[in-house]
Amino acid sequence: MNALGHDVRFTLEAIWKVLLVSVILGAGLPAIFALGIRSLAWGTPAEGSARHDGTAAMGASSAAGRVVAGMLFLVVLYCVAAAIVFIIATGKGDDISFAHVIPTIKTKG
Amino acid sequence: MSAETLILALVVVTALGFDFTNGFHDTGNAMATSIATGALKPRVAVALSAVLNLAGAFLSVAVALTVTNAVVHIQQKDGTPSPSLTADGGQQLLMLVLGGLIGAIVWNLLTWLLGLPSSSSHALFGGLIGAAIAALGWHGVNWVGDGTKLGGVVGKVILPAVLSPVVACIVAAAGTWMVYRIVLGVAARFTDNGFRWGQIGTASLVSLAHGTSDAQKTMGVITLALIASGHWHSTTSIPVWVKLACALAIATGTYLGGWRIIRTLGKGLVEIEPPQGMAAEASSAAVILASSHLGFALSTTHVATGSILGTGLGKPGAEVRWAVAGRMVMGWLLTLPAAAIVGAAMYGIGHVCGDVGGPVVDVAIMLGLAGYIYLRSRRSAVGAHNVNDEWEGMPASGAAVSAPELTSGGVA
């Protein structure tokens, strides 16, 4: 295989992993975030039904909804924290480690 | 001042100038969506992005000294300059780097005038490739990788440029589609505030990642120039003042805000709503970080543009302005050759005008072109006050500058 072919092969090997990881994190996390927002709205009238008598008909989020939403937002926050640790690690030329669940910087080599 | 000191000083100042254009060219990558949806006021958005770019630049402790190795043969594997180029006290290498930087700056300014988001890294690579061809001939360029890992113009520039917008587009479209399905029927008082914070968070991540990756490149170029001229010897660390100057240059550029480009990204491609803004920036952050983890070099600009396009495709009924997208793709295709032609011309002119006159004439030409482009931009200024105005075709200047001028401007 010539050098050009190698470049194409290495690119294709990398790109589907980028796509896979990005779909999980880049599309999955917004979906989880949206589920959190939906949970907050549990037990409240849907859009459009509150407009007749304003705030009185809007109601507050249900307790269960708030707990579920909190858990979903925590998942998102955890991933954001991991992303920040990863950016710092890359800046130092290091890598990220998920040992003990908490994302930490792992020295390369 | 000796000839060597003069050219070194000009290279350092020009490199910082490039870093500055890199900053304002890319503000929109992170902040265009938040500005367009009103999640952040325009001035607040660029200030936040500037602070995060500054922080990101300081976080990058790794030495990106071998940044040019991806595309040209002017450095050895350990980052030191090729001995053949430094035999004359570094003059030839500095001239080559200066030509490359000027090619990148001129292209960045021209695309900014036209409101086109284009990759600053590709402009830098293009400029260096042109200057290397002029200085060393065809073999001065690292066209393809060495067969052991991704490398060369094909592996580090062309293939990522073709594929990364597509990946970002798919991810953002999937994210947008799911988010709209999930919050269907939820009252606006829940979605508005929630997605506002979602947008600010994801856009901040993109800004931080940008600061760490892009400021490093200029730091590497300046350090290379210092080594070539014998003012620095370490290949594992960079001078503190270089880091400080680069961080400030990219942050100042970001704060200035490339409003023309922000407008195209935020208003031109797609009319963006808060859920789309969050989906776009989440997609950008994920693609940038995932590919950086896998050692796959891609441009923040291509990813951000692909993501914004994807949110238009993922939301049922949303309109994508394909004419605007087409203009952008044309810009991307031209980036490498256009910057290369300027880079080669600058090296040639500098070579003819001698050790002292060459760099001075080059920088004078660059300043002249920059001044002209700035004056052209004043005819239809875009700023924080009108960045979100209704999109009616391209901004006035974009329509006024016709395609033939684009070509001649790129060659000049």
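Two residues are taken to be in contact if their C-beta atoms, placed from the backbone, lie within 7 Å, and the packing described below for this predicted model rests on that criterion.

By this criterion, 41 residues of chain A are in contact with 50 residues of chain B. On the chain A side, the elements that give two or more residues are helix 1 (3-40) and helix 2 (63-91), and helix 1 of chain A gives the most, with 27 residues. Sorted by class, that side of chain A has 28 nonpolar, eight polar and five charged residues.

Helix 2 of chain A has 29 residues, which at 1.5 Å a residue should span 42 Å, and the 42 Å between its end C-alpha atoms agrees with this. Its buried residues include A:Ala69, A:Leu72, A:Phe73, A:Val76, A:Ala83, A:Phe86, A:Ile87 and A:Thr90. An α-helix has 3.6 residues a turn, so residues three or four places apart point the same way. The buried residues of helix 2 of chain A pack against helix 1, strand 1 (95-97) and strand 2 (104-106) of chain A, together with helix 2, helix 7 and helix 10 (274-293) of chain B. Just after this helix, A:Gly93 takes a positive phi of about 80°.

In chain B, helix 8 (residues 240-256) has 17 residues and reaches 24 Å from its first C-alpha to its last, close to the 24 Å expected at 1.5 Å a residue. Among its buried residues are B:Val242, B:Lys243, B:Cys246, B:Ile250 and B:Thr254, and the buried residues of this helix pack against helix 1 (3-37), helix 2 (42-59) and helix 7 (188-228) of chain B. Helix 8 of chain B is followed by B:Gly257, whose phi is positive, near 75°.

How values were computed. Residues are numbered from 1 along each chain as its sequence is written. Chains are lettered from A and ligands numbered from 1 in the order in which they are written. This is a predicted model: local features need pLDDT of at least 70, side-chain atom pairs count only at pLDDT 80 or more; totals for chains, interfaces and linings use all residues. Helices (H or I, at least four residues) and strands (E, at least two) are DSSP runs, numbered from the N terminus. Ala, Val, Leu, Ile, Met, Phe, Trp, Tyr, Cys and Pro count as nonpolar, Asp, Glu, Lys and Arg as charged, and the others, Gly among them, as polar. The expected span of a helix is 1.5 Å times one less than its number of residues. A residue is buried if 20 or more other C-beta atoms lie within 10 Å of its own, exposed if 12 or fewer, and partly exposed in between; C-beta atoms are placed from the backbone.
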